[in-house]
Amino acid sequence: MNLPGLLVLACAVCAAEAPRSASPSDAFLPDTIHRPPVERGSERKRERVVEHDSIVYVAPAERLSIHRVSAPPAGKAGTREPTHIVLLPGPVGSAFSMRHITATLGARGLPVLVIDPLGMGRSAHPAHADYSLMAQARRIEAVLDTLRVARALVVAQGTSATVALRLAAVSPERIVGVLSLAGGPIDRQETTGVRLALALAPLLDNPLGRAIGRRRFLAAVREQSASPAWCTPDIAARYLAPVEADLRGTFRTLRAMQAAVEPTRIETVLRQVRAPVHLLVGDHRTSHAPTAAQVTLLQHHLSAFTVDTVSGAGTMLHEERADAIVEAVLAMLARDG
């Protein structure tokens, strides 16, 4: 059996965390809007949504997985290029983790793309790629060029939020907004989970490892959730399927991400972002939420920044409160005109 166990745990732990050594009490919890749950769209509307998967090569060995969601437009087409909703998941879960958001937005007639950054989800795991966050942003930019996406609102989870911020800095004419799902700005992708996996994974090459990894994954995401009911063993298996399909490749990727050096510090990048940035955090305190220092950094350097607290959620907002994410997306689109 391939490298199992704690390697899977490491991916699971970093699925919704921004790397830091903060305690739960250091997690930022703004006293702002608390949105109650609202009903999602009807099943009849969801049947109109068309979904398909594809790949885009941005370099010979660099293949990114794309999940496209489309539906008949909800209203009359305007003269301006349509704004695509671009979802960037964390290291685990891929398009499956965003299923509630894509179904609802697609049913409203909005074009949606889910893009797995290199080394994450169903995208390729090349051994010698540049896994810096800036390189990841450039790859997303190349995908949008290939797909001829002229305008995009980027919704990004955890660590991928920094990829979205860097993308907004290098492509200001295209990015109309960034919605961060519990992701603070970072310069290093190193986490305690990754360090543990890199130390122990070689020792866990045995048939029990995968079962251990799934149990630890469940424990990790439940700790990050206000209510653990959503994370069943079946859902955990769907989350981990892309990781388990290439455990050795994931191990290489984790090691490369840990070693990656950013060419530009995040403070400099934030000063170049002109698009509005909206951060959503859950009211369930966890050590994986953005810290007060990270939120202060965003407030100080971004020209347009807001933050809201969503009730009944931890850092797994896309699972527990997808309705609040959809509401935030629609509000940002309305302000963009």
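Mentor: Leaving out residues up to four places away in sequence, Thr162 touches Leu133, Gly184, Pro185, Ile186 and Ile266, where touching, or contact, means heavy atoms within 4.5 Å. This is a predicted model, in which local features need pLDDT of at least 70 and side-chain atom pairs count only at pLDDT 80 or more, while totals for chains, interfaces and linings use all residues. Residues are numbered from 1 along each chain as its sequence is written, and side-chain values use heavy atoms, with hydrogens and water left out.

Thr162 is found in helix α6; helices (H or I, at least four residues) and strands (E, at least two) are DSSP runs, numbered from the N terminus. Its relative accessibility is 0%, so Thr162 counts as buried, a word that here means under 20% relative accessible area, with exposed over 50% and partly exposed in between (1.4 Å probe, protein chains only).

From α6 the contact draws on Thr162, Val163, Arg166, Leu167 and Val170, and from α5 on a set of residues including Leu133, Ile140 and Leu144. By class, eight of the residues in this contact are nonpolar, two polar and three charged, taking Ala, Val, Leu, Ile, Met, Phe, Trp, Tyr, Cys and Pro as nonpolar, Asp, Glu, Lys and Arg as charged, and the others, Gly among them, as polar.

Ser180 is found in strand β6 and, at 3% relative accessibility, counts as buried. Beyond its neighbours within four places in sequence, Ser180 is in contact with Ala156, Ala161, His278, Leu279 and Leu280.

The sheet itself is open and has eight strands in the order β1-β2-β4-β3-β5-β6-β7-β8, with mixed pairing; two strands pair if DSSP finds at least two bridges between them. At the edges stand β1 (50-59) and β8 (305-310), each with a single partner strand, so one side of each has no neighbour in the sheet. From one strand to the next the twist averages 20°. Strands β5 (residues 151-157) and β6 (residues 175-181) run parallel and are joined by six bridges, with Ser180 of β6 as the bridge partner of Ala156. Helix α14 (residues 322-336) packs on the sheet, where it touches β3 (83-88), β5, β6, β7 (277-282) and β8, and its direction makes about 160° with that of β6.

Further along, β7 and β8 also pair in the parallel sense, over six bridges, and Val277 stands opposite Phe305 in β8. Although β8 is an edge strand, five of its six residues are buried.

Strand β4 (residues 112-115) shows what happens on the two faces of the sheet. In a regular strand the side chains alternate between the two faces of the sheet. In β4 both faces are covered, with Val112 and Val114 buried on one side and Leu113 and Ile115 buried on the other. Strand β2 (residues 62-70) runs antiparallel to β4 and is joined to it by four bridges, with His67 opposite Val114. The pairing of β3 with β4 is parallel, over three bridges, and places Ile85 opposite Val112.

Finally, the protein as a whole has 14 helices and eight strands, and buried residues make up 60% of its 337 residues. Its pLDDT, the predictor's confidence in each residue from 0 to 100, averages 83, and 78% of the residues score at least 70. Over residues 1-29, however, the pLDDT is below 50, and it stays under 50 over residues 31-47.

Notes
Axes fitted to C-alpha atoms, helices over the stretch in contact; angles between N-to-C directions.
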